Amino acid sequence: SVAADVMMGGFKLDGHAVTGTTMMIPSEAHLERNRAFASALGVAPVTARKNTNNFNSGWARPVMPTTTAMNHDDFGKELQMVQYPESLLTEARERMGDLLKLERRWKAFLVDDATASIPLRSMERPLRKFVHGYSDFWNLHTESFDPEPKRYIHCSKMRDTSMPHPLLSQAVQTQPRSTSIIVDLSQLPRGPTATVSMPPPEDIFGDSERPKLELAPRTLPLELHPAPEFSLNSDAAIQKMRDAQRRQETRRLQQEEKKRQVLVN
C-alpha cells in the first residue's frame, strides 16, 4: 500500500501547534522494513530509548556477562567461557602490547551508545589478520580498506556484539603453554625381534654359479594352425592375379567409353 499524506492544521500535536504541515502515515511495508533493520542492527525505536533527544543512541553493547551466566555455578560458568584456539593464544603472547590496546579500544566502543562503527589505525597484514580473527569472538563485523601501507580495519557493531569472557589477554595468562614432548626412541623397551636368514654375500652379488635348469623343448599349442609357408612361387601367383585384375579393369573402362561415344553420336 502507498502511504497517504494527511494535511493537519489548526490543532496541537504532542503539545506543539501544527499548521499546514503534512504528516506521513506509514504503510505496513514501511513498518516491516523498519522492524527488519532494527532487528538486524539491534536498535530500539526512538520512542523506546531512554534518551529520546539523541537519535543516534541505542548502539551500546554488553561488556559484562549476562545475568543468567552469573547465576550459574562453577561448572556452568566453565561451559560458557570462551575457548580460544592455540594458534590465536600463541600469537597473542607475541602481540600482548597491541592486544591490550585493541581490547581497551573495543571495550570503549561497545560502551559508547551513540557510535555504530569505528576505524582502527593502519597496520600491517599479519596484525590485520590477527585482529580479524579475534573480532569473531566479539561478534564484530570487520573489513579492511585502502591500499598498503595505509590499509586499516573498520569495525561495525552487530546485533549480538558483546565482549567475550575471558578476554584473550586474560586467557593467555591463565591457560598454560602447550609444550612439545620429545621422546627418545632409544630408551623405549624393545620387544622380541624376528630373525631373518640372509644368504651369503657372494650369493647376493652373483659370484657363485647358478644351477642350470632343464627345460623341455618349445612346442606350439595344438589349437593353433600352422603358420603359412611363403615361397617365391606363391609370390608369383599373387602378382599374376593382380595383373589379371588390372587387365579386367582396363577392358571394363574401354567398354564404358565405347558405349558413351555411341550415345553421343
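Buried here means under 20% relative accessible area, exposed means over 50%, and partly exposed is what lies in between (1.4 Å probe, protein chains only). Helices (H or I, at least four residues) and strands (E, at least two) are DSSP runs, numbered from the N terminus.

A quick word on what you're looking at: this is a predicted model, where local features need pLDDT of at least 70 and side-chain atom pairs count only at pLDDT 80 or more, while totals for chains, interfaces and linings use all residues. Residues are numbered from 1 along each chain as its sequence is written, and side-chain values use heavy atoms, with hydrogens and water left out.

## The protein overall

There are nine helices and seven strands in the protein. It has 265 residues, and 20% of them count as buried. The exposed surface comes to about 21800 Å², with carbon and sulfur atoms supplying 57% of it; these areas come from the Shrake-Rupley method with a 1.4 Å probe, and for residues only the protein chains shown count as cover.

Take the contacts (heavy atoms within 4.5 Å) in the protein that have a separation of 6 or more: residues 24 or more positions apart account for 60% of them.

Glu143 sits in strand β6 and, at 38% relative accessibility, counts as partly exposed. Setting aside residues up to four places away in sequence, Glu143 touches His132, Tyr152, Ile153 and His154. His154 is also the bridge partner of Glu143 in β7. Go 13 residues along the chain from Glu143 and you reach Ser156; the two C-alpha atoms are separated by 8.7 Å.

Strands β6 (residues 141-145) and β7 run antiparallel and are joined by five bridges; two strands pair if DSSP finds at least two bridges between them. They make a hairpin with six residues between them. On its other partner, β7 pairs with β5 in the antiparallel sense over three bridges, and Ile118 stands opposite Cys155 of β7.

Most residues other than glycine have a negative phi, and most peptide bonds are trans. Here are some exceptions. Asp146, in the loop between β6 and β7, isn't a glycine but has a positive phi of about 70 degrees. Its relative accessibility is 42%, so Asp146 counts as partly exposed. Asn139 has a positive phi of about 60 degrees, again without being a glycine; you'll find Asn139 in the loop between α6 and β6, partly exposed at 31% relative accessibility.

Then there are the cis peptide bonds. One joins Glu148 and Pro149, with omega about 0 degrees, and Pro149 is in the loop between β6 and β7. Another runs from His165 to Pro166, with omega near 0 degrees; Pro166 lies in the loop between β7 and α7.

Helix α5 (residues 96-111) has 16 residues, which at 1.5 Å a residue should span 22 Å, and its end C-alpha atoms are 23 Å apart, which agrees. The expected span is 1.5 Å times one less than the number of residues. Leu99, Leu102, Glu103, Trp106, Phe109 and Leu110 are buried in α5. They cover an arc of only 125 degrees around the axis, so they end up on the same side of α5; the arc is that of the directions from the helix axis to the C-beta atoms. Exposed residues Lys101, Arg104 and Val111 are on the face turned away from that buried side. The cover over the buried residues of α5 includes α4 (86-94), β5 (117-119), α6 (125-135), β7 (152-156) and α7.

In α4, the buried residues are Leu88, Leu89, Ala92 and Arg93. Seen down the axis, they fall within an arc of 140 degrees, so they line one face of α4. Ser87 and Glu94 are exposed on the other side of α4. The buried residues of α4 pack against α5, α6 and α7.

Ser169 belongs to helix α7 (residues 168-174) and is buried, at 6% relative accessibility. Beyond its neighbours within four places in sequence, Ser169 is in contact with Met96, Leu99, Leu100 and Glu103. The side chains of Ser169 and Glu103 make a polar contact at 2.6 Å. A polar contact is a pair of N or O atoms within 3.5 Å; within protein, one must be able to donate a hydrogen and the other to accept it, and residues adjacent in sequence count only if both atoms are side-chain atoms.
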